[in-house]
Amino acid sequence: QFGQALPLVVDLHRTFPREPQVIAWLAIIHSKLGSTGEEATAWENYVRISRTPAIACPALPEAYARLGDEQQALAAYERCVTFDPQDPDRLFDLANAYRRSNRTSAALELYRQAVSLDPYNPVLSERLSSLSEGRP
């Protein structure tokens with residue numbers, strides 16, 4: 001069904017090239033079809049033109065990660081935090097990316113910030129606790 005929807009949404013995008021919802025549909029369809037490069041491109045376009053770029057998170061950095069581009073993924077996670085610095089989920093995502101990049105002190109700080117915003121989240125608390133104790 002996504003394969004059938006793609007040409008229709010591409011036509012819509014030609015007609016409405018600056019419509020964020022159409023661009024988001026493109027990104028989602030490309031994701032479902034496994035066209036990760038096109039998905040990332042669509043999310044980047046969404047971020048550029050949308051008044052609500054945070055909607056592209058965490059899909060944009062995850063697309064880069066699936067492409068194997070960890071540097072672009074990390075940069076996208078960092079951008080996602082700038083869209084809403086008080087979002088504990090985005091802080092958690094960036095902290096995880098820092099942890100995977102062996103930037104432990106930066107990850108710890110972000111986990112602490114996320115826990116302070118969402119103190120009853122058991123996943124955040126466990127991740128902070130394990131990293132504080134030196135566990136991966």
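At roughly what angle do the axes of helix 1 and helix 2 cross? In this predicted model, the axes of helix 1 (residues 2-15) and helix 2 (residues 20-33) cross at roughly 155° and come within 10 Å. Angles over 145 degrees count as roughly antiparallel, so helix 1 is roughly antiparallel to helix 2. The crossing is left-handed. On the helix 1 side, the residues that meet helix 2 include Phe2, Leu6 and Val9, and their counterparts in helix 2 include Trp25, Leu26 and Ile29. By class, this contact has twelve nonpolar, three polar and one charged residues.

Now to helix 3 (residues 36-49), where you will find Asn45. Asn45 is buried, with a relative accessible area of 19%. Beyond its neighbours within four places in sequence, Asn45 is in contact with His13 and Ile23.

Charged pairs come next. The structure holds six salt bridges, among them these:

| Salt bridge | N to O distance |
|---|---|
| Arg66 and Glu39 | 2.3 Å |
| Arg103 and Glu78 | 4.0 Å |
| Arg90 and Asp93 | 2.8 Å |

Arg66 in helix 4 and Glu39 in helix 3 are 27 residues apart, so their pair links distant parts of the chain. Arg66 is partly exposed at 47% relative accessible area, whereas Glu39 is buried at 3%.

Arg103 sits in the loop between helix 6 and helix 7, and its partner Glu78 is in helix 5, 25 residues apart. Arg103 is partly exposed at 35%, and Glu78 is partly exposed at 29%.

Arg90 and Asp93 both lie in helix 6, about one turn apart, and both are buried. Shared partners join Asp87, Arg90 and Asp93 into one salt-bridge network.

Note on methods
Residues are numbered from 1 along each chain as its sequence is written. This is a predicted model: local features need pLDDT of at least 70, side-chain atom pairs count only at pLDDT 80 or more; totals for chains, interfaces and linings use all residues. Side-chain values use heavy atoms; hydrogens and water are left out. Helices (H or I, at least four residues) and strands (E, at least two) are DSSP runs, numbered from the N terminus. Buried means under 20% relative accessible area, exposed over 50%, partly exposed in between (1.4 Å probe, protein chains only). Contact means heavy atoms within 4.5 Å. Axes are lines fitted to C-alpha atoms, for helices over the stretch in contact, and angles run from 0 to 180 degrees between N-to-C directions. Angles under 35 degrees count as roughly parallel, over 145 as roughly antiparallel, 65 to 115 as roughly perpendicular and the rest as oblique. A crossing is left-handed if the near helix is turned anticlockwise from the far one by less than a right angle, and right-handed if clockwise. Ala, Val, Leu, Ile, Met, Phe, Trp, Tyr, Cys and Pro count as nonpolar, Asp, Glu, Lys and Arg as charged, and the others, Gly among them, as polar. A salt bridge is a side-chain nitrogen of Lys or Arg within 4 Å of a carboxyl oxygen of Asp or Glu.
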